[in-house]
Amino acid sequence: MRLHVADHPLIAHKLTVLRDETTESPTFRLLVDELVTLLAYEATRDVRVTQVQVTTPVATTTGTHLAAPRPIVVPILRAGLGMLEGMTRLLPTAEVGFLGLQRDETTYEAITYANRLPDDLSGRQCFVLDPMLATGHTLIAAIEYLLEKGARDVTAICLLAAPEGLRTLDEAIGERGDVTIVTASVDERLNEQKYIVPGLGDAGDRLYGVVG
């Protein structure tokens, strides 16, 4: 597993405003969208491409297109939806699949409640969107699901990650796939409730409000 922490002053600035508990949902959503686009730029550095001939108004030259099969973007419901537009803005020709995973607040394990993905992901580059890599269980479940469907190249984009979750993910996935984590920050630790510290709270609630 590879880890890439995006070190850029604009990323640090936007993340600081996201952490602020006084930042309201509309601003929070906008900043997540902008931050994901910056992270997506780093995450797609190795996206597969092919050379094509293109005719400009002046001459014919060689250009670049995304290679087939097209990459697939997989937001983890519900909070991952807040990252989708920022990702597809940079990668508009990608297909989009969905995984519904939620954390059991007693066991902290991930529970799958919905999925909408192709049956065969062989040869596809997969980009998973999950704001918080805390315990790692949700991301492990998502990546294992993609690997079971034939994917081998998986990049997860997370706003924040905890050291404990990164270790758990690395141990669980091992060498079964080419997995990369792209994040804006690796924070200090998890607290007793398995929230990232200092973190930014519950990303889903801050994006969409508390749903009872």
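Modeller: Val5 sits in strand E1, which covers residues 2-5. Strands (E, at least two residues) and helices (H or I, at least four) are DSSP runs, numbered from the N terminus. This is a predicted model, in which local features need pLDDT of at least 70 and side-chain atom pairs count only at pLDDT 80 or more, while totals for chains, interfaces and linings use all residues. Residues are numbered from 1 along each chain as its sequence is written, and side-chain values use heavy atoms, with hydrogens and water left out.

Val5 counts as partly exposed because its relative accessibility is 36%. The scale is as follows: buried means under 20% relative accessible area, exposed means over 50%, and partly exposed is in between, with a 1.4 Å probe and protein chains only. Together with Leu3 and Val186, Val5 makes a nonpolar surface patch of about 200 Å². Patches are built from residues with over 30% relative accessible area and no salt bridge; nonpolar side chains (Val, Leu, Ile, Met, Phe, Trp, Tyr) are joined within 5 Å, and like charges within 9 Å. The areas come from the Shrake-Rupley method with a 1.4 Å probe, and for residues only the protein chains shown count as cover.

Next come the charged pairs. A salt bridge is a side-chain nitrogen of Lys or Arg within 4 Å of a carboxyl oxygen of Asp or Glu. Twelve of them turn up in a search of the whole structure. In one, the side chains of Arg19 and Asp187 meet at 2.8 Å, N to O. That pair links distant parts of the chain, 168 residues apart: Arg19 is in helix H1 (residues 9-19), and Asp187 is in the loop between strand E11 (178-186) and strand E12 (189-190). Asp187 is buried, since its relative accessible area is 7%, whereas Arg19 is partly exposed at 25%.

Another salt bridge joins the side chains of Asp119 and Lys149, at 3.7 Å, N to O. Asp119 lies in the loop between strand E7 (110-116) and strand E8 (125-129), and Lys149 in the loop between H4 and strand E10 (153-161), so this pair ties together parts that are 30 residues apart in sequence. Asp119 is exposed, with a relative accessible area of 67%, but Lys149 counts as buried at 15% relative accessibility.

Glu144 also forms a salt bridge, with Arg176, and their closest N and O atoms are 3.0 Å apart. Here too the pair links distant parts of the chain, 32 residues apart, with Glu144 in helix H4 and Arg176 in the loop between helix H5 (163-173) and E11. Glu144 counts as partly exposed at 26% relative accessibility, as does Arg176 at 41%.

His137 counts as partly exposed because its relative accessibility is 21%. In an unreviewed UniProt entry, a "binding site" annotation covers several residues, among them Arg78, Arg103, His137 and Asp202. A "binding site" annotation from an unreviewed UniProt entry also covers Ile196, Gly201, Asp202 and Ala203. UniProt positions are given in the numbering used here, feature names are shortened, and annotations may be inferred rather than shown by experiment.

Asp202 is placed in the loop between strand E13 (196-197) and helix H6 (203-208). Asp202 counts as partly exposed at 30% relative accessibility. Its side chain reaches the backbone nitrogen of Asp205 at 2.9 Å. That is within the limit for a polar contact, a pair of N or O atoms within 3.5 Å; within protein, one must be able to donate a hydrogen and the other to accept it, and residues adjacent in sequence count only if both atoms are side-chain atoms. Ile196 is in strand E13, and this residue is buried, with a relative accessible area of 7%.

Last, the cysteines. A disulfide is a pair of cysteine sulfur atoms within 2.5 Å, and by this rule the count is zero. Cys126 is in no disulfide, and the nearest cysteine sulfur, that of Cys158, is 15 Å away. Cys126 counts as buried at 0% relative accessibility, and Cys158 is buried with a relative accessible area of 0%.
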